[in-house]
Amino acid sequence: MIAGVTRPTGDTGTVARKAPGPRVLQGWRLPGGNVDLSTPVVMGVLNLTPDSFSDGGEIRSPAEALDRAHLLVEEGAGMLDVGGESTRPGARPVPIDVELHRVIPFVEAAARSLPVPLSVDTRHAAVARAALRAGAQVINDVSGLKHDPLMAEAVAGEGGALVLSHMRGSPVTMKGLAIYDDVVEEVVAELRESLSLALEARIPEDRIVVDPGIGFAKTGPQSLTLLRKLDALAALGRPILVGPSRKSFIGELTGLPPGDRLPGTLAACVLAFLKGARVFRVHDVAPLVQALSVTQAILGERDMREAT
Ligand code: HH2
């Protein structure tokens, strides 16, 4: 298994000795235990939406959602990220009761039967609170706590862990906000603001990971720059998550539709791993588990026996 959740050891936030290259934080503390980040964690995407940009409408029933969740875990996902609202460019907001209805019954069932932690991808405090109460351990807020002023308090109050992503505006407005003098410096500065919002709400620092928000208020070239200079995010002192899976920068480079962007996704994730990322939000779990496993073996971070 490439990813594992262990009991809390109190060693979160220490620096991995074996890992070469950029400084890498070794742990992410979830309510149910410490996620060991000395090896990469693949977070499988499970969109319960009719309109997500690459897999919208694929899951048609709660039973299909659970089957897919189990399959992703069998493929090596160390965590799942469940979403009930698309955040693709131009996506219209979904009413809260619709998002709750899509996500919460699934979380209740999955938290009981799945051996890995559940993350819920939402920008809304009401959904976050209900999801954490239903058994989710992580809230993945692509707005970096900037969309719903009650979000930080909800995550803090329910004792959840948090993904802080960089974004500007909303899915409807973000395209027009992709204007930067220095995209890396500005993303780091704006993520620092998100981190401050979380810490002011008393979310413990060791429960937080940061994400540059590939494709969120970024042009294709800006997404490439962020991946090339991803190690700059280490200045924030938190583990790094990336989500380049099937995104439009790969489409701009190749002319291919989302379903044909797996090779580009793997290239982006492996490079991000070498630049210090430790959590990878992807639709295609098994291929990335293999790619990261081989990368680690080449780097001498695992031997042949471990890798099989
Ligand atoms: N990307 C998407 C959604 N959530 N969360 C994080 N932390 N980072 C990301 O890069 C990220 C994310 C977009 O992908 P997807 O869920 O496949 O599409 P949609 O928003 O259309 O549902």
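This report walks through some strands and helices of a predicted model.

## Ground rules

Residues are numbered from 1 along each chain as its sequence is written, and side-chain values use heavy atoms, leaving out hydrogens and water. Since the model is predicted, local features need pLDDT of at least 70 and side-chain atom pairs count only at pLDDT 80 or more, while totals for chains, interfaces and linings use all residues.

Helices (H or I, at least four residues) and strands (E, at least two) are DSSP runs, numbered from the N terminus.

Let's start with strand β7, residues 138–141. Val138 and Asn140 sit on one side, Ile139 and Asp141 on the other, and all are buried (under 20% relative accessible area with a 1.4 Å probe, protein chains only). In a regular strand, side chains alternate between the two faces of the sheet.

Strands pair if DSSP finds at least two bridges between them. Strand β6 (residues 118–121) runs parallel to β7, with three bridges joining them, and Asp121 is opposite Asn140 in β7. To get from β6 to β7 the chain goes through helix α3 (residues 125–134), a right-handed β-α-β crossover (with the strands pointing away from the viewer, the path from the first strand over the helix to the second runs clockwise). Strand β8 (residues 161–165) also pairs with β7, parallel and over four bridges, and here Val138 faces Ala161. The link from β7 to β8 goes through helix α4 (residues 151–158), and this β-α-β crossover is right-handed too.

## A closer look at α3

Which residues of α3 are buried? They are Ala125, Val127, Ala128, Ala131, Leu132 and Ala134. Their cover includes α2, β6, β7 and α4, with contact meaning heavy atoms within 4.5 Å. Just after α3, Gly135 has a positive phi of about 120°.

## Where α1 meets α2

Helix α1 (residues 62–74) and helix α2 (residues 96–113) have axes that come within 11 Å and cross at roughly 40°. Those axes are lines fitted to C-alpha atoms over the stretch in contact, with angles from 0 to 180 degrees between N-to-C directions.

On the α1 side, the meeting residues are Ala65, Leu66, Ala69 and His70; on the α2 side, they are Phe106, Ala109, Ala110 and Ser113. That makes six nonpolar, two polar and no charged residues.

## Helix α6

Finally, helix α6 covers residues 220–228, and Gly220, Gln222, Ser223, Thr225, Leu226 and Leu227 are buried there. Among the elements covering them are α5 (183–200), α7 (248–254) and α8 (262–274).

Key
Buried means under 20% relative accessible area, exposed over 50%, partly exposed in between (1.4 Å probe, protein chains only). Ala, Val, Leu, Ile, Met, Phe, Trp, Tyr, Cys and Pro count as nonpolar, Asp, Glu, Lys and Arg as charged, and the others, Gly among them, as polar.
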